[in-house]
Amino acid sequence: HFFGVLSPLSPLSPPPLLSVFTPGPHPIPTHPRVHTNRTQAKHMPVLPADLELYFKSLFPTKQFVEWLSYGDPEYFRCREFSFTLPGDVYLRFRSFDDAQELLADLVRKKPEKIDIGGVYNVAPKAKDLSPVFQALSKELVFDVDISDYDDVRGCCQDKGICGRCWPLMATAVKVLDHLLRQDFGFECLQFVFSGRRGM
């Protein structure tokens, strides 16, 4: 399986292709927190109220749980999640019984980033109650960032990204898809935009 690391976006964040930042005749949102300047946008904070609204109204909790359960609720219960909170506070060994418990914790903690971990023999939140706490499985994950292509892109560098950068990412998807299917026999692949500069 192929999965990317998910990172929540504020409901006011630019769309995944960053069309707000690319020159052209597309409409520009007029909300006061949406900026067309890259310098302004990268310093725009994600407010706790934005995250709460995002998790309550936009985050696909039910589909997220179905996706990571593989049809088995116990598999989901034993999966580790980690949250990165404002101020780079990192919480590990989060686990949830169902979508409602996950949603309640997301709304309460308001993480800026969610990482999907492995599946353990017991629920990670109960790891201290078990004599054995051992990882059983984990999806194979490749993290491809546009900054990986700094030596071949002439338009941007480091975390900068524009419309001319995306063909490089599209090529990476095609190459990975071909190699994983043809050379390694993988059947279930999923490519996910990471919410920043890659997948």
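A residue is called buried here when its relative accessible area is under 20%, exposed when over 50%, and partly exposed in between, with a 1.4 Å probe and protein chains only as cover. The model is predicted, so local features need pLDDT of at least 70 and side-chain atom pairs count only at pLDDT 80 or more, while totals for chains, interfaces and linings use all residues. Residues are numbered from 1 along each chain as its sequence is written, and side-chain values use heavy atoms, with hydrogens and water left out.

We can begin with the overall layout. The chain contains six helices and four strands, taken as DSSP runs (H or I of at least four residues for helices, E of at least two for strands) and numbered from the N terminus. Read from the N terminus, the order of elements is α-α-α-α-β-β-α-β-β-α. Of the 199 residues, 36% count as buried. The accessible surface of the chain comes to about 11,600 Å², of which carbon and sulfur atoms supply 57%; these areas come from the Shrake-Rupley method with a 1.4 Å probe, and for residues only the protein chains shown count as cover. Among contacts (heavy atoms within 4.5 Å) with a separation of 6 or more, 57% are between residues 24 or more positions apart.

The strands come next. Strand β1 (79-85) is mostly covered, with seven of its seven residues buried. In a regular strand, side chains alternate between the two faces of the sheet. In β1, Arg79, Phe81, Phe83 and Leu85 point one way, Glu80, Ser82 and Thr84 point the other way, and all are buried. Two strands are said to pair if DSSP finds at least two bridges between them. By this criterion β1 pairs with β2 in the antiparallel sense over four bridges, and Leu85 has Val89 in β2 as its bridge partner. The hairpin of β1 and β2 has three residues between the strands, and Gly87 there takes a positive phi near 85°. Strand β2 (residues 89-94) also holds Phe93, which has a positive phi of about 60° although it is not a glycine. Phe93 is partly exposed, at a relative accessible area of 25%.

On β3 (113-120), seven of the eight residues are buried. Five bridges join β3 to β1 in an antiparallel arrangement, and Thr84 has Lys113 in β3 as its bridge partner. Strand β3 also pairs with β4 (residues 135-137), again in the antiparallel sense, over two bridges; here Val119 stands opposite Ser137.

The Glu139 side chain makes a polar contact of 2.8 Å with the side chain of Arg79. Such a contact is a pair of N or O atoms within 3.5 Å; within protein, one must be able to donate a hydrogen and the other to accept it, and residues adjacent in sequence count only if both atoms are side-chain atoms. Asp158 is found in the loop between β4 and α6 as well. Asp158 has a positive phi of about 55° without being a glycine, and is partly exposed at 47% relative accessible area.

Turning to the helices, α3 (residues 61-69) has Thr61, Phe64, Val65, Leu68 and Ser69 as its buried residues. These cover an arc of only 125° around the axis, which puts them on the same side of α3; the arc is that of the directions from the helix axis to the C-beta atoms. Their cover includes α4 (73-77), β1, α5 (99-109) and β3. Just after α3, Tyr70 takes a positive phi of about 55°.

Aromatic side chains complete the picture. Rings of Phe, Tyr and Trp (its six-membered ring) pair if their centres lie within 6.5 Å, with planes under 30 degrees apart counted as stacked, over 60 as edge-to-face and the rest as tilted. The structure holds 13 such aromatic pairs. One of them joins Tyr54 and Phe55 edge-to-face, at 5.2 Å centre to centre and 65° between the planes. The rings of Phe55 and Phe59 have centres 5.6 Å apart and planes at 70°, so this pair is edge-to-face. Tyr54 and Phe55 are buried, and Phe59 is buried too. Ring pairs link Tyr54, Phe55, Phe59, Phe64, Trp67, Phe76, Phe81, Phe83 and Phe96 into a cluster. This cluster includes Phe64, a buried residue of α3, as well as Phe81 and Phe83, which point one way from β1 together with Arg79 and Leu85.
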